[in-house]
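Here's a quick briefing to read alongside the model.

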Amino acid sequence: MKTLFLAGFFAFVAVSSPVVAQEPVIAAQNADQLFTSPDPMLNANKQVVYRIMRDLLDAGHWDKASELLSDEYLQHNPNAKSGRDAVVYYFTQVLKVQPRPIPEELNMKIVAVMAEGDLVTVLYPRTVKDAQAPGGTYSTTWFDTWRIKDGKAVEHWDPALLNEAPDLR
């Protein structure tokens, strides 16, 4: 009986206690190198995503969106509607992003870039406030995945929640 009680107690503690053992998410030292591939198609797709990140997301040059996003761009982020014009509106009118000089290299921290077929996924380190530890934070990973067709992004996924626009720089 005592053994059964102890087993139940430890099982309860294991399930009800938050897991705090974690390795921090570390960015690559040279993010720009991650946007290349020896495969010509994958390299071209990674370069489209590189420009989306550098020109649009990092520098805020949404006037260049027609070069990188299709008219019918499908958006799976719950905060922005589908369509290139709707995405441009979200960043320029809702988030009030202002253009800055386009950097020679990305200012964003990147963990990895993976390309397979017409998909390119970018992983970023993300620091989040810990609601259970006032003033505390923890490290996790954010991702963006784009589907590329004819040199433009035609679809996008990320793990965003409503009313969330994380700063990934």
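Let's start with a pairing: strand 1 (residues 69-75) runs parallel to strand 5 (residues 152-157), with three bridges between them. Strands pair here if DSSP finds at least two bridges between them, and helices (H or I, at least four residues) and strands (E, at least two) are DSSP runs, numbered from the N terminus. This is a predicted model, where local features need pLDDT of at least 70, side-chain atom pairs count only at pLDDT 80 or more, and totals for chains, interfaces and linings use all residues. Residues are numbered from 1 along each chain as its sequence is written, and side-chain values use heavy atoms, leaving out hydrogens and water.

**Strand 5 and its partners**
- Across from strand 5's glutamate 155 you'll find leucine 74, while leucine 69 faces alanine 153 of strand 5.
- Strand 4 (residues 137-149) pairs with strand 5 the antiparallel way, over five bridges.
- Lysine 149 has lysine 152 in strand 5 as its bridge partner.
- The hairpin of strands 4 and 5 has two residues between the strands, and aspartate 150 takes a positive phi near 55 degrees there.

- Five strands make an open sheet with mixed pairing, in the order 1-5-4-3-2.
- Strand 1 and strand 2 (112-116) sit at the edges with a single partner strand each, so one side of each has no neighbour in the sheet.

**Helices on the sheet**
- Helix 2 (residues 40-58) packs on the sheet and touches strand 1, strand 2, strand 3 (119-129), strand 4 and strand 5; contact means heavy atoms within 4.5 Å.
- Helix 4 (residues 84-94) also packs on the sheet, touching strand 1 and strand 5.

Note on methods. Axes are lines fitted to C-alpha atoms, for helices over the stretch in contact, and angles run from 0 to 180 degrees between N-to-C directions.
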